[in-house]
Amino acid sequence: MFEEEKRNLVQRKNSIGLVEVSKDKLHSAVQSGFEKAKKERVLKRTKLIKRSSWSIVIAAILLISFITSVSVSPVFANKVASIPGMERIVGLIQQDRGLTAAVENDFYQPLNLSQEKNGMTVTLDGVIADKKGMVIFYSVQSKKKNQPLEIEYLKLMNEKYGNLPVYDTTFWGAEPPIIEEKVFSSMMTLETIENHIVGNSNLLWTIGLKNGNKVEQFQIPFKFTKSSVFSKTIDLNKEIMIEGQRIIVEKVTINPIRAEVKLKIDPNNSKKILSFDNLKFTNDIGDEWILNNNGTSFRSLDETEWTITLQSPYFNNSDNLKLVFGKIAAIDKDDDFILIDTESKNFLKQPAKSIFSNLEIENSKVSFIMDVNGEYNMLVSSSFLDNEGKEFFIKYDFTNPKPGEKYVNGLLMKTAEKGLKLEFELPKESIKNPLRFDLAYYPSWIEEDVEIEVK
Amino acid sequence: MNEKILVKKAIKGDDEAFLTLMHSYEEALYRTAFSYLKNEGDALEAIQEVTYRAYRSMKTVKEPTYFKTWLIRIMMNYCQDVIKKSKREVLEERILSIQGITEDYTFLEVEEALLKLSDYERELLHLKYFEDVKIKDIAVMWNTPEGTIKTRLHKALRALRAGFEEKGEVKRV
């Protein structure tokens with residue numbers, strides 16, 4: 001039966017077998033896939049911090065790697081050639097279509113201000129500024145090759161050393177970066193609270209470099225030109241349904257540096273939405289603007305309002321723009337927490353198809369494993385509640401404690417099986433079982449082909 | 001080195017073993033990708049993406065003997081996603097553009113008929129008649145009795161025939 005069909009299929013196979021391809025191309029395709037995986041493994045480390053810290057701010061510049069082969073547009077290449085110090089910046093922004101376009105459109109303001117101390121030179125290369133935020137590019141150079149330096153802190157203040165109403169959305173995660181290259185370049189991203197304008201054009205940029213046990217402070221005052229371009233705000237108020245979950249896209253605000261999407265989540269949804277990792281803008285000529293490399297997102301306390309920052313399609317070469325959702329992490333509301341009984345040493349509650357396991361309680365230390373399979377996202381909230389509603393935060397090595405909260409020490413480790421192990425001490429004061437952790441992330445997805453025309 | 005040992009090493013996180021394996025399968029994977037995507041650029045991108053996904057999920061390889069089919073599975077999933085995302089017309093254009101590789105007119109018809117199948121049917125036919133995976137092994141892979149696989153394979157061939165015939169009718173009009 002079906003002899004003809006089978007013959008056709010075999011013939012087809014033979015034809016495709018004749019297609020030639022160079023061994024080199026195959027080899028390098030495998031190689032670059034491998035490198036991508038290696039790189040991401042390191043990046044995930046920093047993502048972890050985002051999930052586990054309640055602070056608004058997060059993380060990830062440090063590992064934007066230094067790209068070896070740079071492919072850029074001619075306009076961009078010209079800019080690079082004409083601005084001193086620009087070549088250092090290329091590698092930092094080339095994965096960000098929005099920032100690259102901002103440079104092409106003359107938003108980069110070169111500064112080249114340096115300060116030298118004890119064989120270390122810090123250079124403020126330049127800034128990109130719009131009404132909503134600023135990206136500061138800097139380089140650190142050490143006279144000694146491979147002198148390990150760590151960045152202890154980075155700050156932007158006004159001239160009178162006052163704090164600015166800005167969020168620093170730059171930063172690295174678990175460990176501050178160690179600078180071992182002879183020249184290390186990076187960038188710092190700042191965003192203002194709504195309706196504020198960054199700075200008053202006279203600012204003071206500060207970096208603390210740790211050399212051995214000593215922290216050396218560098219301060220560079222600078223002036224910049226305030227941006228005169230206005231944000232593009234597009235009110236949408238469009239309702240979408242993804243697997244029965246109602247989401248309203250309220251508006252999109254686009255500035256040259258970043259774009260912001262405001263979403264409202266229906267509180268009556270049956271699922272709790274945990275993350276919009278795959279949100280992006282696209283246009284009909286195939287350009288994509290993805291989550292800002294650290295995927296900063298702000299949520300209102302009741303988690304019904306989300307503000308998500310994306311790369312900016314401010315300079316869009318097409319007259320159309322779409323917002324695409326992709327896979328969304330979401331879990332049934334009945335399933336969005338775990339309960340731990342420290343007496344019976346059991347999970348009283350965990351999601352269906354749970355990836356929590358190995359609960360151990362010994363010497364007033366609790367530990368369990370989250371089988372995240374190499375995707376090192378923190379699954380649980382940074383605090384737990386006992387049965388009387390007392391809240392305890394877990395203080396990891398990288399936690400900046402908030403005043404007025406109760407903390408217990410904790411530790412987060414990778415396991416040999418690509419899982420995460422969370423260990424924390426039980427509070428000294430008496431607590432009532434069970435302990436409740438809310439889920440911050442879980443590999444459970446909803447997905448539907450939903451696109452919204454932005455303009 | 002014995003492949004099974006290499007796979008075991010790769011599962012344990014040995015990068016060199018992983019790369020050796022990937023390089024030994026890159027050409028086979030390329031053919032698979034090409035059979036779905038029909039052009040070099042996309043097929044190479046598929047290799048890159050599959051290498052990336054394979055590395056990410058190495059730990060999920062349960063049975064080293066089936067490593068190759070495991071890779072093919074990742075590749076098929078990837079290609080199907082790509083096809084779904086790209087527009088139908090684009091694909092047909094691609095099919096036309098590779099017609100040069102074969103003198104046989106039926107090639108185009110086969111491709112079109114394949115596009116009409118469900119993912120599952122297409123995968124079955126692909127595994128059996130492109131990758132030459134034994135029915136016994138397909139059964140293990142899908143954890144389904146051999147008899148069932150045979151029945152479904154028949155159904156898939158029938159669907160393919162229906163695809164040809166439909167095409168024929170259109171032509172007659």
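Modeller: Buried means under 20% relative accessible area, exposed over 50% and partly exposed in between, with a 1.4 Å probe and protein chains only. This is a predicted model, in which local features need pLDDT of at least 70, side-chain atom pairs count only at pLDDT 80 or more, and totals for chains, interfaces and linings use all residues. Residues are numbered from 1 along each chain as its sequence is written, chains are lettered from A and ligands numbered from 1 in the order in which they are written, and side-chain values use heavy atoms, leaving out hydrogens and water.

Colleague: Why does A:S364 count as partly exposed?

Modeller: The relative accessibility of A:S364 is 43%, which falls in between the two limits, so A:S364 counts as partly exposed. A:S364 lies in the loop between β22 (356–362) and β23 (365–370) of chain A, strands being DSSP runs of E of at least two residues and helices runs of H or I of at least four, numbered from the N terminus. Phi of A:S364 is positive, near 55 degrees.

Colleague: Why does A:N118 count as exposed?

Modeller: A:N118 has 54% relative accessibility, and the limit is over 50%; A:N118 therefore counts as exposed. A:N118 sits in the loop between β1 (108–117) and β2 (120–129) of chain A, with a positive phi of about 45 degrees although it is not a glycine. Most residues other than glycine have a negative phi.

Colleague: What makes α2(B) and α3(B) oblique to each other?

Modeller: The axes of α2(B) and helix α3 (residues 40–57) of chain B come within 8 Å and cross at roughly 140 degrees. Angles under 35 degrees count as roughly parallel, over 145 as roughly antiparallel, 65 to 115 as roughly perpendicular and the rest as oblique. The two helices are therefore oblique. Axes are lines fitted to C-alpha atoms, for helices over the stretch in contact, with angles from 0 to 180 degrees between N-to-C directions. Contact means heavy atoms within 4.5 Å, and the residues making it include B:F18 and B:Y30 of α2(B) and B:I47 and B:Y55 of α3(B).
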